Amino acid sequence: MAPATATATTPIADAAPSEFCNPALERLSEAGEALGYAVQFDEAGFSATRDASELRCYCAEGQLTIALAEDGVSVSVDFTYENSMFRLELAALFPELGSVRHAWSLDGTASPMTGSLSFAAHTADAAAFIEVDLAGEVSAVHGDADLVNHQFAPVLAGSPLWKDAHALTAALADAGTPGLEVATTVAVPSPRWWGVKKSILGQAFACGGAAITCTAAAAGFLPAAGSCVNSAGGCALAVACSLASCLD
């Protein structure tokens, strides 16, 4: 099933500024301008353009959406939170290929905090899915990740919107740590990987955990602050390892 990816013109109903929204939108607008977008604010957020690319950010209490669109391709980032429950989702739709969805959740009502990371993708002839907890323990895995990644790798590597979405997610998380903004070309990491790919697997899990914990911390959930520092450091190390294979 294709992800319900927002377009750059889709508003959130009853969008309104909040203690979370204002600083988050400011960080996102600065990141958008650094990416070359011309930003214009309105009462619900801001819209921006860069050549044929459109960027729209809306924020309401409990929800923030980043939507990017260009030439039929759409990529969205959705962050929702309620009662110490947080969810961050990155979804992309490539009409001539298929869809990718990465989702990260954090349950702050549990002690210690729990959460999960899931990665899913499908094309016309292949699909794959994996879910792990925040420690990287696999809870579910289906499909052919190698085939899906082979089909998606050149598309993700060449997609400006995919790269922009990662940079904006890093701004939303307000982590200030290298690694979160690195756009992965892996649609679905495989727990069966070894050798060089084992480092890429570590990057996917470590940076996914950092994204959700740091975004929760940026939303004012103080118990996630310590986990953010630790996981962001792990993400930076994992990115370096994926380049130098230091985990192999």
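## The largest pocket

Leu106, Met113, Leu134, Ala135, Gly136, Phe205, Ala206, Gly209, Ala210, Thr213, Ser227 and Ser231 line the largest pocket. Two elements, α4 (196–218) and α5 (225–244), each give two or more residues to this lining, and α4 supplies the largest share, with five residues. The volume of the largest pocket is about 180 Å³. Sorted by class, its lining holds seven nonpolar residues, five polar residues and no charged residues, where Ala, Val, Leu, Ile, Met, Phe, Trp, Tyr, Cys and Pro count as nonpolar, Asp, Glu, Lys and Arg as charged, and the others, Gly among them, as polar.

A pocket here is an open set of points on a 1 Å grid over the protein atoms alone, with protein on both sides within 12 Å along at least five of seven lines, whereas a cavity is a set of points where a 1.4 Å probe fits but cannot get out; lining residues have an atom within 4 Å of a point. Grid points are joined across faces, edges and corners, and a volume is the space filled by probe spheres set on the points.

## Basis of the model

The structure is a predicted model, in which local features need pLDDT of at least 70 and side-chain atom pairs count only at pLDDT 80 or more, while totals for chains, interfaces and linings use all residues. Residues are numbered from 1 along each chain as its sequence is written, and side-chain values use heavy atoms, with hydrogens and water left out.

## Overall architecture

The protein chain contains five helices and 10 strands, these being DSSP runs numbered from the N terminus (helices H or I, at least four residues; strands E, at least two). Of its 248 residues, 51% are buried, a word that means under 20% relative accessible area, with exposed meaning over 50% and partly exposed in between (1.4 Å probe, protein chains only). Among the contacts in the protein chain with a separation of 6 or more, 51% are between residues 24 or more positions apart, a contact being heavy atoms within 4.5 Å.

The accessible surface of the protein chain amounts to about 11000 Å², and carbon and sulfur atoms account for 56% of it; accessible areas come from the Shrake-Rupley method with a 1.4 Å probe, and for residues only the protein chains shown count as cover.

## Enclosed cavities

By the cavity rule, the count comes to two cavities of 30 Å³ or more. The second largest cavity holds about 30 Å³ of space and is lined by Phe129, Val141, His142, Gly143, Ala145, Val188, Pro189, Ser190, Pro191 and Arg192. Strand β10 (residues 138–143) gives the largest share of this lining, three residues, and by class the lining has six nonpolar, three polar and one charged residues.

## Disulfides and the remaining cysteine

A disulfide is a covalent bond between the sulfur atoms of two cysteines, and it is assigned to a pair of cysteine sulfur atoms within 2.5 Å. A search of the whole structure finds three disulfides. In one of these, the sulfur atoms of Cys21 and Cys59 are 2.0 Å apart, and the disulfide is left-handed because the torsion about the S-S bond is about -80 degrees. This pair links distant parts of the chain, with Cys21 in helix α1 (residues 21–34) and Cys59 in strand β3 (residues 53–60), 38 residues apart. Cys21 is buried at 0% relative accessibility, and Cys59 is buried with a relative accessible area of 1%.

A disulfide also joins Cys207 to Cys235, with an S to S distance of 2.1 Å, and the link is right-handed, with 90 degrees about the S-S bond. Cys207 in helix α4 and Cys235 in helix α5 are 28 residues apart, so that distant parts of the chain are linked; both cysteines are buried. Between Cys214 and Cys228 the sulfur atoms are 2.2 Å apart, and the torsion of about 100 degrees makes this disulfide right-handed. Cys214 lies in helix α4 and Cys228 in helix α5, so the pair ties together parts 14 residues apart in sequence, and Cys214 and Cys228 are both buried. Cys57, by contrast, has its closest cysteine sulfur, that of Cys59, at 9.3 Å, too far for a bond, and Cys57 counts as buried at 0% relative accessibility.

## Surroundings of Gly32

Gly32 lies in helix α1 and is buried, with a relative accessible area of 0%. Leaving out residues up to four places away in sequence, Gly32 touches Tyr37, Leu55 and Leu168. The C-alpha atoms of Gly32 and Thr49, which are 17 residues apart along the chain, are separated by 9.3 Å.
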